[in-house]
Amino acid sequence: MMIEYNGKAYICPMELAVALISGKWKAVILWNLIEGPLRFGELYGLFPEISQKMLTQQLKGLEQDGLILREVYPEVPPRVDYSLTDFGKTLTPILEDINLWGKRFLEARYGLNEE
């Protein structure tokens, strides 16, 4: 089955799903938004290796895909919060499973216990 999304063809739903959350930052951004909304600066502070430009690009992509919501408050200075959409929240159990799998991998492969 071929699926077209955003001008790109995917061979199956799994390929599309992986594309939506793949990359170094998207899944981690989503993971950090599970607990609730965060401001850009808070997200930026969580990932010391990311540039502001890359974080902005990742957030825009997640917003365009309907996984996060960008809410701008009419304040001075402007306040912008990012949160999971209802559909984005459906990723929570998947991200929890990926996190658990990562912990198990670290333990099995390196004897590390991430608590």
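By class, six nonpolar, two polar and one charged residues make up the lining of the second largest pocket; Ala, Val, Leu, Ile, Met, Phe, Trp, Tyr, Cys and Pro count as nonpolar, Asp, Glu, Lys and Arg as charged, and the others, Gly among them, as polar. The model is predicted, so local features need pLDDT of at least 70 and side-chain atom pairs pLDDT 80 or more, while totals for chains, interfaces and linings use all residues. Residues are numbered from 1 along each chain as its sequence is written, and side-chain values use heavy atoms, without hydrogens and water.

A pocket is an open set of points on a 1 Å grid over the protein atoms alone, where a 1.4 Å probe fits, with protein on both sides within 12 Å along at least five of seven lines; lining residues have an atom within 4 Å of a point.

| Pocket | Space | Lining by class |
|---|---|---|
| Largest | About 220 Å³ | nine nonpolar, two polar, no charged |

Helix 1 (residues 13-21) gives the most to the lining of the largest pocket, with five residues. Among the residues lining the second largest pocket are Lys24 and Trp31; helix 2 and helix 6 (92-110) each give two or more residues to this lining. Helices (H or I, at least four residues) and strands (E, at least two) are DSSP runs, numbered from the N terminus.

Three strands form an open antiparallel sheet in the order 3-5-4, where pairing requires at least two DSSP bridges.

How values were computed. Grid points are joined across faces, edges and corners, and a volume is the space filled by probe spheres set on the points.
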